[in-house]
Structures are given as structure tokens and as C-alpha cells.
Amino acid sequence: MSEKHLSSQFDSDLTAVSTKLMEMGGLIETQIQNAIQALTQFSVPLAEEVIQTEDRVDMMEVAIDHALTSIIARRQPAARDLRLLLSISKITTNLERAGDEANKIAKRVKSIVEGGEARMMPISDLRLASSMAITLIRRALDAFARLDLEAAVSILKEDDLIDQEFKGFTRKLITYMMEDPRTISDSLNLLFLAKAIERIGDHAKNIAEFIIYIVKGTDVRHSSLTHIESVIH
Amino acid sequence: MPGLLARLIRLLLLMGAGAAIACLFERGIFGIAFGIALGGCLWLVWDTLRLLRFLDWLRRLHEDPDTSPPRLPAMWRDLALRISRLLRQQTRLTRKSKNRLGNLQAGLQTAPDGIIILDRAARIEWCNQMACRHFGLNAQRDIAQSVTHLLRDPAFVAHLAARDFNHAVTLTAAASSSQLLSVRLCPYGQGRLLLISQDITLFEQAETRRRDFVANISHEIRTPLTVLAGFVETLQTLPLTEDERQEYLERMARQAGHMRRLVDDLLTLSHLEDSPPPGLETWTPVAALLSQIEADARALSALTTGENAPHRLSFPDADALSQAGEIAGAAAELFSALFNLVNNAIRYTPPGGEIDIHWTPLPDGGARFSVRDSGPGIAPEHIPRLTERFYRVDSARSRATGGTGLGLSIVKHVLRRHNATLTIDSDLGQGAYFAVTFLADKLRAVRTETQPSAESPS
């Protein structure tokens with residue numbers, strides 16, 4: 001993960017906190033997968049599982065932040081180490097938010113099924129965007145483990161595809177609602193679900209930006225793709 | 001030690017020469033001593049030059065182990081030879097173990113399972129191609145990476161943390177979430193681990209199918225049995241008039257008949273699965289086969305429509321069929337498969353609907369039997385699963401019309417045994433089209449002298 005330090009204790013501290021982050025990442029991946037599966041199968045037990053696991057995610061976030069504070073206080077890191085620790089803190093926040101989106105999906109699935117409106121909705125339209133979101137989060141975490149710049153840039157590019165998918169889906173919903181006002185409540189539910197999926201993609205994109213920050217030391221948030229590519233090469 | 005002797009002689013000679021030269025300038029003990037010292041110094045310089053040559057050779061030896069030692073006097077040459085021999089031995093040993101390691105790794109590469117070797121801190125030390133494919137790893141890049149950084153599934157992380165080596169954990173593959181892997185950890189050495197991943201997708205599918213089958217069949221048998229038991233109880237406990245008794249007994253007979261059909265279908269299926277496929281020994285005239293189907297279809301249609309408008313059935317005409325030749329295979333099986341398709345069309349098409357049955361010779365010598373109806377049609381998402389056992393698009397309706405849920409399964413099995421293929425094309429409200437395509441080698445032209453009679457039953 002990082003080069004050797006004079007203090008091997010520092011090394012093992014950094015590895016330990018990275019491992020904790022990856023563990024949290026793994027949990028978030030599962031949360032998102034389960035939430036999407038609950039959505040496609042209208043499965044309440046799966047949705048319940050996602051909602052219950054949310055507490056564990058929150059606890060992990062607190063534990064990672066605590067570990068980071070203690071490392072920064074004791075070691076006073078600089079340069080790349082400092083960037084790594086700051087980024088881990090921000091990636092944790094992003095993962096937690098992605099977990100929140102999974103939680104939102106699960107809660108909505110539960111309320112849809114309990115409201116008895118399931119099966120009527122064209123869930124399959126969300127399938128592409130949701131599988132893209134799952135893949136993006138997984139690739140973002142892989143890229144973090146390997147500190148892989150190329151993968152990070154490709155994630156930035158692909159998030160645009162999810163955004164386009166979301167826009168297209170919104171347009172489609174608008175036409176449904178205009179044609180038949182009875183579909184409005186279903187369509188709104190779908191819109192919220194699509195928005196949650198789109199946000200998961202955004203969090204993956206943020207994680208990718210922090211990977212570039214760790215390796216290159218340049219903050220590429222809010223900058224264009226061409227600028228980012230010029231930073232990397 | 002000839003080397004040592006030569007060395008000493010050379011030193012003494014140089015010293016002597018030094019002393020002799022010194023004597024030319026100044027005789028006496030001081031002169032001689034100075035001469036000896038000068039000779040010693042000269043020897044030292046000479047020897048150092050050799051040492052430099054030797055070191056130069058050693059340096060070259062690093063780059064190319066086959067460099068021959070330089071021409072040097074005895075002791076230096078001895079040293080050089082010993083070093084080069086030692087080096088050659090070491091190189092041979094390294095090459096041998098490298099070969100052995102390479103063979104071992106090549107063997108592990110070809111293993112059908114994914115293999116990852118983990119060091120004491122659970123970092124990846126080596127992994128084979130299959131493991132890379134299973135977990136989306138990169139064999140060069142991910143070396144020394146903590147395994148939990150890339151295999152992040154909480155189930156695996158917990159499994160690794162618990163150091164549970166007796167059980168396997170089931171994970172989904174990186175490439176596709178429908179691929180299932182059984183992952184096992186084996187400890188070895190001092191705290192090192194071997195991770196073995198096995199693709200169990202097919203096994204799991206078979207297991208699910210078996211479970212579904214048992215659940216389905218229990219359900220299918222229990223439903224008529226419950227009805228039957230209900231009637232028995234009614235007959236036992238309630239005082240009934242003779243008419244009511246008759247009516248109940250009739251209903252009981254219907255349920256018993258349904259159960260018998262179910263068991264018959266199951267036996268047919270298991271027979272189809274177990275017996276070898278029919279060869280080219282028995283041939284049945286196509287015309288006879290189709291005329292039997294036509295007769296049975298008309299009877300069934302009359303039975304189902306009753307008072308309502310009859311189905312408009314259209315069959316290929318007898319003249320065309322007399323040219324269709326003969327088909328190889330088990331006649332009873334073929335009849336049951338083809339009639340099953342017609343039977344479905346009749347049962348699902350409302351009275352007055354159209355059902356077209358065709359027998360079309362194909363340019364390659366094969367033929368196609370097709371049934372098109374004007375019924376409600378089948379939604380596309382159901383079509384791939386129609387031939388699964390007990391798969392029903394609308395279970396209430398299918399059971400009400402007396403279906404066992406095994407018909408198309410039997411059709412599929414029969415056709416597979418005859419190398420024929422089933423094509424289904426339908427959409428909601430579009431009617432349904434079922435076609436069976438027979439290959440050319442299962443058909444032969446009719447012999448002219450023995451015209452098959454259209455009425456002969458198969």
C-alpha cells in the first residue's frame with residue numbers, strides 16, 4: 001500500500017486502517033447488492049437485512065475515524081501519508097453515504113411491497129443502471145487497494161454513463177406520467193430509486209478522485225476530465 | 001604447495017635483484033637493506049596489479065558466468081578456478097530449483113480450481129490464472145496485496161478472521177454475480193494459508209432444480225389428494241341423497257384421474273430419460289401420424305368447445321402428406337410429443353379460435369411441424385422456461401384445464417431423443433407458434449410401390 005517507513009509500527013498502523021476501510025467497503029458492496037436484489041425480487045426479508053446491517057456500517061465509520069485521529073495525533077504524518085489518511089477519512093464518509101443510499105432503496109422496497117403496489121412497476125428499466133453502480137463501487141475499491149490511476153480515471157468516465165442513464169430514465173418517467181396520471185405515484189417511487197442508484201455512482205466517482213489525490217497530490221474534484229488526464233500523464 | 005614456493009622465490013628474486021642494484025651505488029649493509037626493501041615494494045606493486053586484474057575478472061563474472069579466468073600465476077589462478085567452479089555449481093543448483101518451481105507453478109496453473117498462496121499476514125504471495133478469473137485479480141500486480149483488500153465480501157473476511165479451516169464459504173465471483181464459488185482455506189507451514197476456490201455454479205443449479213422438483217411434485221400430488229380427502233370425509237360424515245353421492249364420486253374420480261395422469265407423465269419422463277434414443281430401425285409414415293393427430297384433435301376440440309362455436313382447425317391435406325415420406329423413431333413418442341402441442345393449442349384457444357397445423361418440407365431435406373393458434377399468447381419472459389417441469393404461466397388455469405405441468409417437458413425430451421428442435425414464438429395477444437424441426441437424416445422419401453394408407457394407426 002505504501003513505501004516502507006523508518007517506524008514499522010507506523011506502517012502497520014497504516015495497513016490496519018486501510019484494511020478496516022476495505023472491510024467497510026466490502027460490507028457496503030454487499031449492502032448495495034442486497035438492496036438491488038431486494039428491489040428486483042421485491043424481497044422484504046432481504047430489505048430488512050440491509051436496514052439492520054446499517055448500524056454495523058455506522059459503527060465501522062466511527063471506528064475508522066477514531067483510528068485516523070489517533071494516527072494523526074501520534075505520528076504527525078506528512079506528504080503522501082497525510083494525503084492517504086485524509087483520503088481514507090473522506091472515502092469512509094462517501095462509503096457511508098453510499099450505504100445510506102442502499103438503505104433508502106431497501107426502505108422504499110419495503111414500503112412498496114407492504115403497500116401492495118409491487119409487480120406493477122417497470123423495475124427492469126433500472127437493472128442496467130444498478131448493475132453499473134455495483135460495478136463502479138467495486139472497481140473504485142479495487143483501484144484504491146491497488147492505488148491504480150488508470151482504473152480511477154475509467155471510473156470517472158463511466159459515472160457519466162450512469163448519469164446519462166438516469167436522465168433518460170427520468171424523461172421516460174415523465175412521458176409515462178403525462179400519458180396516464182394514475183402512474184404518478186409509482187413513477188415517483190421509481191424516480192427516488194433511480195436517484196439513489198445514481199448517487200451510489202457519484203460516491204464511487206468521489207472515491208476515484210481521492211485515489212488520484214493520494215497518488216498525484218492534486219485535488220481533482222470539480223475539474224474537467226481533460227484536466228484530470230493532463231494531471232495524470 | 002608449488003604456488004607458495006613460486007611466490008616466495010619470485011619475492012626473493014626481486015629482493016635479491018634490488019639488493020644487487022643497490023650494491024652498484026652504495027655497498028654496505030644500509031645499501032643492501034634499501035635494495036631488499038625496494039625489491040619488496042616492486043613485488044607489492046606487481047602483485048597489486050594482478051589483484052586488480054583478478055577483481056576485474058570477478059566483476060565481469062557477475063555479468064557473464066562463463067567468462068574464462070585471466071592468465072595469472074599459480075595461486076591467483078587457483079583462486080579464480082575455485083571461485084568459478086563454485087559459481088557454476090550454484091548456478092546449476094539455482095537453475096534446477098527454478099525449473100522445479102516453474103513446473104510446480106505450471107501444474108498449479110492448470111488446476112481447474114483457483115489457488116492463492118497467502119503469507120503469514122494474509123498477503124497474496126502467488127495465485128493461479130483461475131483464481132485471477134474468479135476474483136478479478138492481476139497475477140503480477142496484486143502480489144503482496146492484503147487478500148481482504150481485494151476479496152472484500154464480509155462473509156470471507158469473517159471466515160478468514162475466524163480462521164475456520166473446516167468449512168468452506170460460498171462467495172459470488174467478481175465477473176458475474178450468478179457465478180458461485182466455494183472457497184476453502186487450508187493452513188500450512190508456520191501460519192501460512194492456501195486458498196482454494198471452486199466453481200460450484202452448476203452444482204448449485206442442479207441442487208436448486210432438484211429441490212424445486214421435489215417441492216413441486218409434493219405440491220402437485222397434494223392438491224388433488226386434499227380435494228379427494230375432503231370428498232371422502234363428506235361422504236363419510238354427511239347424510240347425502242343418491243344424486244349428491246353420484247356427483248361427489250364423479251368429482252373424486254376426476255381428481256384420481258388427474259393424479260394418475262401426473263404419475264403417468266412422470267413415469268413417461270423418467271422412461272424417456274433412462275432409455276437409449278431410438279435409432280433408424282422403425283419408420284412411420286408422416287401421413288399416418290398426422291391423420292391420427294387430426295382425428296384426436298377434432299375429437300378433443302368438440303369435447304372442449306361443447307355448445308360453443310367450434311375451433312377452426314386446419315390440417316395439411318392428404319395429397320400433400322402422401323409425399324411427405326416416413327419419419328424414423330418411436331412412433332408412440334412422436335405422436336405424444338406432436339399431439340401435445342396440438343392439445344395445448346386446443347386447450348388454450350377460446351371457442352371459435354383458429355388453429356393451423358402445417359407440415360413443411362425444408363430445402364435441406366428436413367421437415368417442420370408447426371402449430372399456430374389465435375389464443376391469448378405467452379409473454380416473452382415465460383418462453384425460455386416453458387419446457388421446465390411444472391413451470392406454469394398461469395397455474396390456476398392450467399390445473400383447471402387438466403394439465404399436469406409436464407407436457408412440454410415431455411415434448412422437449414422426446415424431441416431431444418429424435419435430434420429435433422422446438423421453436424416457440426409468441427407474445428401476449430399475438431397467439432402462439434410452436435414449431436418442431438426434424439433433421440434430414442430422420443426422414444426418408446416414401447417408397448412408391450407401398451403407398452402408406454392414411455388411416456393406419458401408428
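In strand 13 of chain B, Arg444(B) is the bridge partner of Glu326(B). Helices (H or I, at least four residues) and strands (E, at least two) are DSSP runs numbered from the N terminus, and two strands are taken to pair if DSSP finds at least two bridges between them. The model is predicted; local features need pLDDT of at least 70 and side-chain atom pairs count only at pLDDT 80 or more, whereas totals for chains, interfaces and linings use all residues. Residues are numbered from 1 along each chain as its sequence is written, and chains are lettered from A and ligands numbered from 1 in the order in which they are written.

The bridge between Glu326(B) and Arg444(B) belongs to the pairing of strand 8 (residues 326–328) with strand 13 of chain B, which is antiparallel and comprises two bridges. These strands form part of an open, antiparallel sheet of three strands in chain B, with the order 6-8-13. Strand 6 (283–285) and strand 13 (443–444) of chain B are the edge strands, each with a single partner, so one side of each has no neighbour in the sheet. Helix 9 (residues 286–305) of chain B packs on this sheet through contacts with strand 6 and strand 8 of chain B, and its direction makes about 60° with that of strand 6 of chain B. Here axes are lines fitted to C-alpha atoms, for helices over the stretch in contact, with angles running from 0 to 180 degrees between N-to-C directions; two residues are in contact if their C-beta atoms, placed from the backbone, lie within 7 Å.

Antiparallel pairing also links strand 3 (residues 169–172) of chain B to strand 4 (residues 180–188) of chain B, through four bridges, with Thr172(B) opposite Leu180(B).

Chain B contains 13 helices and 13 strands in total. Of its 458 residues, 24% are buried, a residue being buried if 20 or more other C-beta atoms lie within 10 Å of its own, exposed if 12 or fewer, and partly exposed in between. Thr387(B), in the loop between strand 10 (367–373) and helix 12 (395–400) of chain B, is partly exposed, with 18 other C-beta atoms within 10 Å. Beyond four places in sequence, Thr387(B) touches Leu408(B), Ser409(B) and Lys412(B).

The contact between the chains takes 13 residues from chain A and 12 residues from chain B. On the side of chain A, helix 1 (8–41) and helix 4 (127–146) of chain A are the elements that give two or more residues, and helix 1 of chain A provides the largest share, nine residues.
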